[in-house]
Amino acid sequence: MKDLKDIFTSVKYEPRAELATRVWDRVLSRMNRGRTARLWAFSATGMLSLVVLVPAVASLLGDFAKSGFYDYFSLLFSGAGVGSYWKDFVASLADSLPTANIIYTLALSLVFALSIKYALRQAAPEWLTNARHAH
Amino acid sequence: MSFRETDEELARQYKEGEKGAFKLLVERYTPLLYNYAARFVGRDNAEDMVQDIFIKAWRNIGRFDPDKASWKTWIFTISRNRVTDFLRKKKTISFSDLENPNEDITFSENIPGEDNLPSAELEKLEDKELLEELLQKLRPNYREVLVLHYQEDMTFEEIGKVLGKPLNTVKSDHFRAIRELRKML
């Protein structure tokens, strides 16, 4: 005698054999679409940050020159020596740093580096996954 | 010796970047979800429904926490929500038909474990056409419990999580479903 489970199982609806493949293809196409969108977004952010980064670096180098940082720094190698004045020397050197511009340029560099990292991860996910698993 | 990874292990592997792990979950669960969906939205809509369920599961897999629920419970909860949305949009069924607000829940605490019907009635149910007909006639919330318990092999506790109902309410629905079946026979 069959029990209720056997009886109910006998009237289960079975899907067409290719349904799982069709479902997987659709999921895969969504994955690829998302990956392409992220690749474009990260690439665009990377390019944009690079475009802004180039003049920012030029401006930073100009600020270093204007602030006298190079002059202070060259004292280290001038032979005059900073010996007992080293505390004053370090304070003057730090004072001459264009801090705001340095922070701005570093932030841009970080955005650029992260954008490239994530863009590469979208472009070659299999390769990066394998490399990560190897570690 | 073959090694079969659990659903939860596959979900974890997918989260770690192994795309093929999700494919295995699709292969494992397509037949189960198809049967469940077909019971409520019809075979014509079931294929699209299964695809939608997996897309939703894939999008939300980051939120899946095996400590809170098994993969099976989690994906059937998604399925149940999709089916409910579908029925609500189609208005083929009142949303309240899937709920049971007026039933006496405390009554279920003393429900006997009636898993089976008398043998004469069981024999009648072996007629597949009759069983199909009776299942379609059952209230959706009763049909749901029977399908999940007997066809999808879920415990009452798992069903409770999927339906968002207390264990006793699920047992009560199961008892009433069996009683309805007997009446119809």
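View 1. In chain A, 84% of the contacts with a separation of 6 or more are between residues 24 or more positions apart. Of the 135 residues in this chain, 8% count as buried.

**View 2. Secondary structure of chain A.** The chain has 6 helices and 0 strands. From one end of the sequence to the other, the pattern of chain A reads α-α-α-α-α-α.

**View 3. Confidence along chain A.** The average pLDDT of chain A is 85, and 87% of the residues score at least 70. Among the elements of the chain, helix H2 (residues 19-66) of chain A has the highest mean pLDDT, 93. The lowest mean, 58, belongs to helix H6 (residues 125-134) of chain A. Where pLDDT is low, predicted coordinates should not be read in detail.

**View 4. The contact between chain B and chain A.** On the chain B side, 30 residues are in contact with 22 residues of chain A. Five elements of chain B are labelled here, each supplying at least two residues of the side that touches chain A: helix H2 (19-41), helix H3 (43-60), helix H5 (119-125), helix H6 (128-137) and helix H7 (140-151).

**View 5. Composition of the side of chain B that touches chain A.** Which helix gives the most to this side of chain B? H2(B) does, with 9 residues. By residue class, the side of chain B that touches chain A divides into 15 nonpolar, 8 charged and 7 polar residues.

Methods. Residues are numbered from 1 along each chain as its sequence is written. Chains are lettered from A and ligands numbered from 1 in the order in which they are written. This is a predicted model: local features need pLDDT of at least 70, side-chain atom pairs count only at pLDDT 80 or more; totals for chains, interfaces and linings use all residues. Two residues are in contact if their C-beta atoms, placed from the backbone, lie within 7 Å. Helices (H or I, at least four residues) and strands (E, at least two) are DSSP runs, numbered from the N terminus. Ala, Val, Leu, Ile, Met, Phe, Trp, Tyr, Cys and Pro count as nonpolar, Asp, Glu, Lys and Arg as charged, and the others, Gly among them, as polar. A residue is buried if 20 or more other C-beta atoms lie within 10 Å of its own, exposed if 12 or fewer, and partly exposed in between; C-beta atoms are placed from the backbone. pLDDT is the predictor's confidence in each residue, from 0 to 100.
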